[in-house]
Amino acid sequence: MTLRKTCLHAAVLIALSCAITPLAGHAAPAPAPLTGDAWRLADEGYRAYNRGLYAQAQAKAEAALKLRPDTDRLYLLLVYSLQKQGKIAQALQVADRAIREGHGNPALREARTNLAAAPATGGSAAAPTDTPAYRKGFPIATRAYDEFNAGNHAAAARDAEQAFRTDPSQGAWALLWLDALEAQGQYDAADRAVTTSLALGARNKTDLVARQQTLHRRLAIRPAEAGYQALINDRPGDAVPLAREAVSLAPDITSHRLLLMTALMLDNHLPEAEAAASDALVADDESTMSLVMRAYLRQRQGKTGDANADFDAALKQDWLDNDQRRNVQLIAADAAIASGDGARATSLLSSLPGNDVDAGKRRKQAGAARAPARPLTLSAYPPPLQDCHDTPYGTSCDPLPSDASVSGDPAMRAYAAYGQQDYQTAITLARQAVELNPEREVNQRLLTTALAAGNRAQQAEAAARIEAALAKKPDDSALLMQRGYLRQRLGQPALALEDFRAARATGKAPPTAILDEAFAMSGTGDKRGAVGILKQAIDEADAGRLELDPQQRYNTRAGIAGLSREWGATVSAGFRGSRPAASGAAGAAVTVPGDAVFSTAEVYWRPSDFLNTSTRVFEVYGRVSNTLYDNGGRTVTQSIEDPCSGTSSTVAGTTNNGVSGFPTTVGSAGFRFTPSTETGLTFGLERQFRIGTATRTGTLTPADRSYRCDLNKKNVSANYKTDAGAGGWLAYMTYGFYEGTGLRVDLPSWLTMEGYVQAGYSLQDMPARFWWKNNTTGQESASRTGKLKQDQGFAAGEFRLGRSIRLDMINDRLVLFPYVVIGADWLWQKNRVSGLPNDGDKITLQGDYRSSADLQGNGSTWSLGAGPGFNLRYWFREDHYNAPRSYLDWTTQYRFNIGGGEADRAKGLFMNVTLSY
């Protein structure tokens, strides 16, 4: 850049004489009156011409002529714009058409004469016309001009090439050859024609080089658009070589360089991204966008001094307007806050007004800024937005803070909205981009991609657009990949698999498409086949044919480990200061005093060919649980009500003996099904069995006061016993959400959240034997057979939030997770018996059966607790293809009761050790 932006923003209508007299040596006619869009387009065209942007001047002139085809000076602008690009044949064609349509402007006629007589420009010496080669080639060239004017571009290209090869000194014939190839859209062939023309000795070297640069800009569009599409598809690694190709072809296009920086940054190649920013500054040392991006990239790498120097240099650029300067200040303040330098952030914001909301937010953050204890990540320190928009001088990009709303080019705003997962806004903006430039393929694909992320109707529209595009280009790998992603969203993995396979068969799909094929295959239920392809991907990476960064490689190995798992086992032991009873008359999670250790062992099986896919899980399981240790406990002295008189009496505290070991064992067999791992809902049904003797016997306490009074008067207690096959049914539903709970190899620490909400219903209706037992002698009597019925509904939830830290100094597979926890539960139960011996309202040893009696403790209770905790997990059992498949986990937390009527259930020390194999 040689002009300041303050000058570039001046909108001044440039007279035609100023714009083109130096080209033709003839005074321009007085400009015809132009208004509205025609005036704006003409103004932009003149200014583009003055800046040397002849291709843009051509485009503006053509657009203005569609609105005002009666204006001579627009034809002149178009003619001279074409001439400056070396498109002599096209310029001559435009001049001929204008004259045929009645535009008799002398300047047009003279321009036409000059073009026909001396088409080669650029300061080269005139080519001789008195040689045998010229006389031999001239008739062929004349025929080529006629063919071009008649629209027969293929024949014109063939004859122009033959004429030029006959006499390579005639540079005008080389330009005609290029014009004819370009008119057919054969830009690669035109590029080769320029190279051939220069090698054969064409004298108009300047014109040919200029034409080649224009061609390269056109050729750069294709890899640039493919690069943007790769970023949309979250494949920055695929975008990097495409962006490099675009920069190589058109190094003067800033947007291509920004694409390269962005792709390298998203692919986590920060030093290379910084180098790309430095290269961009060599090409344009006044680019604010490149300077700010380099500052950001340096800050991400911890190069705070270098980053600050770049931000300061950007703020010293005297052509920034107030809004641009404010944006750079906010971005620089974000960097200072990220580095923990609150004082610098405050200083950078000092000149912004107090009512600036964005500045105010950052002032608060500056007050709490602390030096980061870890490398800065993309999520913790997002990059500036790139607000790109067309100007009369080309595409201009300005940096905006990461939390700003992008204005300007709707396509760029659509990219930003899509990246923020605001899909409806992205769709609206993408539609605007297509309306403004429907011929631009990247805009069309942007709209299709945005629609694919929308609702069902929008996804159907995206599918129709892709089908229409594939009808024209059936072997377009990018379209096939795009349809594959859409079909995955629509729950059509088999069709998605077909698309990914077809894309790979073209040989043009990105190497990482092998991963898409594998996961689509697993979505069809062929998990074993998917594992084979993922192992092939690892082999490809080992051979250097597939580039996977450490985290991508780990994720691929984790996919192999997860998809190949068909069975597993879990053993856990837990300790609680206040714990749910392992057994009891109600079989419910009632609280008893004392400390105990409980164990659970489970084995599960996932049938590989039944219901299981990459997003669906079906398991059949068996489980046993019991009390490993129970030291009993001591109840405090308390006042209780006499059921006969209703008066209170004091009962001294006693020591309770705990029961543990095999007698406390309960077994279960069941299945659970997760229809979609994306929603996190699991449904389960299990049959429970009372295996241990302590789970099958117990004492009953009737809810009716008269029953309890009669029991006390007779000094007897009611007892029951079931058999080992007795049990019940439990149905439950669980919603779980987990973020950051797995092992990561790309970060030393990361945010972790996990939680669940579970609700269920248990029904037990068991045959039982009841009898009375004398509390003094222990004598049993009045044995009868009846039923013990237990209904229980429950809901429970827990949420943990903290940060996982990989303990690399000990082992890189050991992770510490300190967190805060909140847990709640609700329990409703209704327990009753039928068949207790009685005689009317009096208990006897030989009485009849009473139909039923409710037991004490029915109703609902809830508890709520919160506190700190930590988790230590060691991952193991991995190999070359598999990520760790097992872990040993120890979690400890201490909760304080913060609500509910069952405080003892919510407070105390909770510990658990789990081995998952």
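At roughly what angle do the axes of helix H8 and helix H9 cross? This is a predicted model, with local features needing pLDDT of at least 70 and side-chain atom pairs counting only at pLDDT 80 or more, while totals for chains, interfaces and linings use all residues. Residues are numbered from 1 along each chain as its sequence is written, and side-chain values use heavy atoms, leaving out hydrogens and water.

**View 1. Helices H8 and H9.** The axes of H8 (residues 132-149) and H9 (residues 153-166) cross at roughly 165° and come within 8 Å. So H8 runs roughly antiparallel to H9 (angles over 145 degrees). Contact here means heavy atoms within 4.5 Å. On the H8 side, look for residues including Ala133, Ile140 and Phe148; they meet an H9 set with His153, Ala160 and Thr166 among them. By class, the contact residues are nine nonpolar, four polar and four charged.

**View 2. Helices H15 and H16.** Here H15 (residues 270-283) packs on H16 (residues 288-300) at about 155°, axes 9 Å apart. That makes this pair roughly antiparallel. From H15, Leu270, Glu274 and Leu281 are among the residues that meet an H16 group including Leu291, Arg294 and Arg300. This contact holds seven nonpolar, two polar and four charged residues.

**View 3. The two faces of helix H19.** Gly342, Arg344, Ala345, Leu348 and Leu349 of H19 (residues 342-349) are buried (under 20% relative accessible area, 1.4 Å probe, protein chains only). They cover an arc of only 160° around the axis, so they sit on the same side of H19. Those buried residues pack against H17 (304-315), H18 (322-339) and H20 (357-367). Turned away from the buried side are Ala343 and Ser347, both exposed (over 50%).

How values were computed: Axes are lines fitted to C-alpha atoms, for helices over the stretch in contact, and angles run from 0 to 180 degrees between N-to-C directions. Helices (H or I, at least four residues) and strands (E, at least two) are DSSP runs, numbered from the N terminus. Angles under 35 degrees count as roughly parallel, over 145 as roughly antiparallel, 65 to 115 as roughly perpendicular and the rest as oblique. Ala, Val, Leu, Ile, Met, Phe, Trp, Tyr, Cys and Pro count as nonpolar, Asp, Glu, Lys and Arg as charged, and the others, Gly among them, as polar. The arc is that of the directions from the helix axis to the C-beta atoms.
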